[in-house]
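Here is a short briefing on one protein model. Look it over first, then read the points below.

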Amino acid sequence: MKSEIIIHPIPPVYDSNSKVLVLGSFPSVKSREYGFFYGHPRNRFWRVISEIFNEKAPETIEEKREMLLRNGVAVWDVIHSCEIVGSADSSIKNAVPNDLSRIISESGIERVFTNGKTADGLYRKYLEEKTGLKAHCLPSTSPANAAWSVERLVNEWKVIKL
């Protein structure tokens with residue numbers, strides 16, 4: 001597989017009531033095909049979020065969006081465009097960060113969380129100084145992070161709940 005330049009195809013999810021911003025690195029091939037965040041069926045993000053907020057796991061894009069907004073959670077990614085091979089975060093090159101100023105100015109974002117170490121490193125490198133908000137790094141919900149069970153992820157991720 002060769003590297004290709006990809007522009008982030010998914011708009012951010014947020015509204016004026018969003019208090020928490022969860023940032024991934026860049027959408028996977030499956031998420032880009034699906035047209036929404038964490039679209040790979042083995043990614044545990046939606047299971048973790050639904051357990052934290054004691055809700056039924058959402059199935060459709062609209063249900064996922066509504067659950068996030070109902071619970072004050074905004075979601076986007078650090079990277080606007082980059083060269084990437086498949087879905088491998090480790091292959092990201094020539095990253096151009098997303099501009100978070102609109103999300104922050106149009107919402108009530110008080111805390112930022114990153115989904116995994118790659119997103120955290122990219123946030124610190126490109127965006128932390130601009131936003132003035134420190135990020136809290138959470139363990140990745142990716143299926144590649146197989147060492148973490150859903151139960152362990154929920155225990156760590158519950159800090160996002162207001």
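Buried means under 20% relative accessible area, exposed means over 50%, and partly exposed lies in between (1.4 Å probe, protein chains only). By that rule, F45 is buried, and so is W157. This is a predicted model: local features need pLDDT of at least 70, side-chain atom pairs count only at pLDDT 80 or more, and totals for chains, interfaces and linings use all residues. Residues are numbered from 1 along each chain as its sequence is written, and side-chain values use heavy atoms, with hydrogens and water left out.

**Aromatic rings**

- A pair of aromatic rings is described by the distance of the centres and the angle of the planes.
- The structure holds 5 aromatic pairs (rings of Phe, Tyr and Trp, its six-membered ring, with centres within 6.5 Å; planes under 30 degrees apart are stacked, over 60 edge-to-face, the rest tilted).
- The pair F36 and W46 is stacked, because the ring centres are 6.0 Å apart and the planes stand at 20°.
- This pair links distant parts of the chain, 10 residues apart: F36 is in the loop between helix 1 (29–34) and helix 2 (45–52), and W46 is in helix 2. Helices (H or I, at least four residues) and strands (E, at least two) are DSSP runs, numbered from the N terminus.
- F36 counts as buried at 0% relative accessibility, and W46 counts as buried at 6%.
- F45 and W157 form an edge-to-face pair, because their centres are 5.8 Å apart and their planes are at 85°.
- That pair also links distant parts of the chain: F45 sits in helix 2 and W157 in helix 7 (residues 150–157), 112 residues apart.
- Ring pairs join F36, F37, Y38, F45, W46 and W157 into a cluster.

**A charge over a ring**

- The charged end of R152 sits over the ring of W148, 3.8 Å from its centre. The rule: NZ of Lys or CZ of Arg is within 6 Å of the ring centre and within 35 degrees of the ring normal.

**Positive phi**

- Most residues other than glycine have a negative phi.
- Y38 has a positive phi, near 55°. Y38 lies in the loop between helix 1 and helix 2 and is buried, with a relative accessible area of 12%.
- N94 is not a glycine, yet its phi is positive at about 50°. N94 is in strand 5 (residues 93–97) and is exposed, at 57% relative accessible area.

**Residue I104**

- I104 lies in helix 4 (residues 101–106) and is partly exposed, with a relative accessible area of 24%.
- Leaving aside neighbours within four places in sequence, I104 is in contact (heavy atoms within 4.5 Å) with T131 and L133.
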